[in-house]
Protein chains: 2
Amino acid sequence: MTPDVTPGPAPAPKRSRGRPAGVRAGTAETRERILAAARTEFADRGYDKTSMRSIAKAAGVDPALVHHYFGTKEQTFGAAIELTFAPAFAGPDAVFGAPEGIGERVARFMLGIWESTPTREPILAVLRSAFTNESAAEVFRSMLTRRILARVAGELDVPEPELRVQLAAAQLLGVAVLRHVLKVEPIASADFDDVVAMIAPTLQGYLTAGGA
Amino acid sequence: MTPDVTPGPAPAPKRSRGRPAGVRAGTAETRERILAAARTEFADRGYDKTSMRSIAKAAGVDPALVHHYFGTKEQTFGAAIELTFAPAFAGPDAVFGAPEGIGERVARFMLGIWESTPTREPILAVLRSAFTNESAAEVFRSMLTRRILARVAGELDVPEPELRVQLAAAQLLGVAVLRHVLKVEPIASADFDDVVAMIAPTLQGYLTAGGA
């Protein structure tokens, strides 16, 4: 059931009929342009309303070229959200080190990504798609698990590391949603450092099994 | 900015032109039928795509009658989600009592609502609307704050009770989303009692400031 979200291989591109003049296939620049268009389309229209055709149109290329570089719509979504979650992928590396203070470091790093509009909005767009479409949820789940949760869990010396990492992730996600999506007061306007300080002990507890 | 989500008053209804024959206005039954149609429309189509006209059509009444009973689209949404969140409104009453074990009682009650499809799906539908439309988010925020969060906060003898209740709510919401929306494993398939037991100390800490 889990779709392969790895972007499709890109062998030497074959000339696709109907490609608009002036668009050169097979260059990294073309691939990047399609990817940027895909990211914008999925973010603006949501997963359901985005099609390979609409991505191609936005990028000024033939739809066959989108398929050529990225495969299915699910795979294209996977490639687009890789870019969106790039800041979060640095999380596991950035927060490790001594168990002391890991809760505070994780809270600061992960909530920090939500504090700035340019990094928050694309993540929110992906969450919206995952809330409304099961294929999008599947792609997001696979990436979240593989690239963030499993990597953090692999570093922990606690019982049930996957479950504990997910409880910590749940606390972070819930805070982000109440603060930035539902904008419930007082948490929406609370000082960032205060919020970090208040949830740090919770994360510390999950990630160290109460130790450190 | 906060819309009044209280359903509009229902004085003696005036006869509305164009109302289909056989539909009697002014009865509690008609009001209930419109409300049920509104709930279904908002749940199935989302806030953006639902109109007073589509609700009226689903209920088999004139659109003027929907306005008459419920006011604006925002107010109609408010009335519809009152019904959706009725199970959760019982939460504050159900979970109070001795501070000992409050974390476990809150976790069991609130996560329990998400465990059964008939209570989970309408809540999910409201969350989807709140994620995609600011008016829907505003109505939901107002109701969540007034009917659940503020009532719990009012019972607590801790510093910053509102913020603490929201951190607890964030933990619960995050767990519900990872378990039931994103369906990340292992938390999606974990035993309900195990999940309750693992987050109970977190909620206990927030709601009692580490005491009890």
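Q: What makes the largest nonpolar core a core, and which residues have the most contacts inside it?
A: A nonpolar core is a set of buried Ala, Val, Leu, Ile, Met, Phe, Trp, Tyr and Cys residues joined through side-chain atoms within 4.5 Å, where buried means under 20% relative accessible area, exposed over 50% and partly exposed in between (1.4 Å probe, protein chains only). The largest one here has 145 residues, and those with the most contacts inside it are A:Ile34, A:Phe140, A:Ile199, B:Ile34, B:Phe140, B:Leu178 and B:Ile199. Helix 10 (residues 161-181) of chain A gives this core its largest share, 13 residues; helices (H or I, at least four residues) and strands (E, at least two) are DSSP runs, numbered from the N terminus.

A word on the source: this is a predicted model, in which local features need pLDDT of at least 70 and side-chain atom pairs count only at pLDDT 80 or more, while totals for chains, interfaces and linings use all residues. Residues are numbered from 1 along each chain as its sequence is written, chains are lettered from A and ligands numbered from 1 in the order in which they are written, and side-chain values use heavy atoms, with hydrogens and water left out.

Q: Why is A:Ile113 called buried?
A: Its relative accessibility is 9%, so A:Ile113 counts as buried. A:Ile113 sits in helix 7 (residues 102-115) of chain A.

Q: What is A:Ile113 in contact with, leaving aside its neighbours within four places in sequence?
A: Contact means heavy atoms within 4.5 Å, and the partners of A:Ile113 are A:Pro87, A:Ala88, A:Thr119, A:Arg120 and A:Ile123.

Q: What makes the pair B:Lys183 and A:Glu134 a salt bridge?
A: The term asks for a side-chain nitrogen of Lys or Arg within 4 Å of a carboxyl oxygen of Asp or Glu. The N to O distance for B:Lys183 and A:Glu134 is 3.9 Å, so the pair meets the definition. Between chain B and chain A the count is two salt bridges.

Q: How do you know how much area chain B and chain A bury between them?
A: Buried area is the accessible area (1.4 Å probe) that two parts lose on being put together, summed over both. For chain B and chain A that comes to about 3,500 Å², 74% of it on carbon and sulfur atoms. On the chain B side, B:Phe131, B:Leu182 and B:Met198 lose the most area to chain A, together 22% of what that side buries.
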